[in-house]
Amino acid sequence: MAQDDFFICKAEEGGVAVATATDDNAADEKSDKSIWRLLNIRCTRIERKWSGDMKLGLIMLAAGNSRRFGSNKLLYGIDGMPMYRHILLELKKVKAALEEQGHRCEITVVTQYEEIAQEAEKLGARFLYNLHPDEGISSSLKIGLRVNREMDACLFTVADQPWLRWETV
């Protein structure tokens with residue numbers, strides 16, 4: 001397998017699609033190193049992908065209630081801007097870098113907060129409201145995945161990691 005190639009292995013587990021980018025060993029269901037064997041999931045389809053032809057969803061989860069923080073921590077100012085905005089700006093850099101490589105990317109923000117939705121829209125990201133954030137982070141994951149079904153892969157980030165840099169992603 002060339003260095004720029006990798007596999008996407010898609011599986012069905014309880015009606016939810018699971019996907020991961022893997023190397024040769026991890027994609028081989030019979031390998032001891034297989035992610036699928038470790039997770040006890042039967043791989044239903046393996047596709048070979050090459051760099052430059054993937055549709056990627058970059059999904060920022062920003063709907064938490066911040067109960068322990070005492071106020072909305074996503075709006076808390078860090079280095080002169082709200083916490084969530086740091087990640088949103090880093091995702092824009094990730095998107096630009098991936099698009100330079102020929103990938104198609106879309107940023108989706110899942111939130112319950114009007115201010116975050118408005119800023120996402122200003123920065124060119126799609127936004128969705130989570131009307132039931134009390135159901136936990138899985139409700140935001142489902143919302144994000146539902147509108148990114150056409151993507152080859154999705155990357156989830158949380159909005160409360162202001163020092164995460166795009167190069168790390």
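Here is a short chat about the salt bridges in this predicted model.

Colleague: How many salt bridges does a search of the whole structure find?
Modeller: Side chains of opposite charge can pair when their charged atoms come close. The cut-off here puts a Lys or Arg side-chain nitrogen within 4 Å of an Asp or Glu carboxyl oxygen. Searching the whole structure that way, the count comes to six.

Colleague: How many residues apart in sequence are the parts that Arg-165 and Glu-90 tie together?
Modeller: Those two side chains form a salt bridge, N to O at 3.6 Å. Arg-165 sits in the segment after strand 9 (153–158), while Glu-90 belongs to helix 3 (residues 83–100), so the pair links parts whose separation in sequence is 75 residues.

Colleague: What separates Lys-95 and Glu-99 in helix 3?
Modeller: They meet in a salt bridge too, at 3.7 Å from N to O. Lys-95 is partly exposed at 23%, and Glu-99 is partly exposed at 37%. Both are in helix 3, four residues apart, so the separation is about one helical turn.

Colleague: Which residues do salt bridges that share partners join into one network?
Modeller: Start with Glu-119 and Lys-122, whose closest N and O atoms are 3.6 Å apart. Both lie in helix 4 (residues 114–122), three residues apart. Glu-119 counts as buried at 11%, whereas Lys-122 is exposed at 66%. Through shared partners, the network joins Glu-119, Lys-122 and Arg-85.

Key. Residues are numbered from 1 along each chain as its sequence is written. This is a predicted model: local features need pLDDT of at least 70, side-chain atom pairs count only at pLDDT 80 or more; totals for chains, interfaces and linings use all residues. Side-chain values use heavy atoms; hydrogens and water are left out. Helices (H or I, at least four residues) and strands (E, at least two) are DSSP runs, numbered from the N terminus. Buried means under 20% relative accessible area, exposed over 50%, partly exposed in between (1.4 Å probe, protein chains only).
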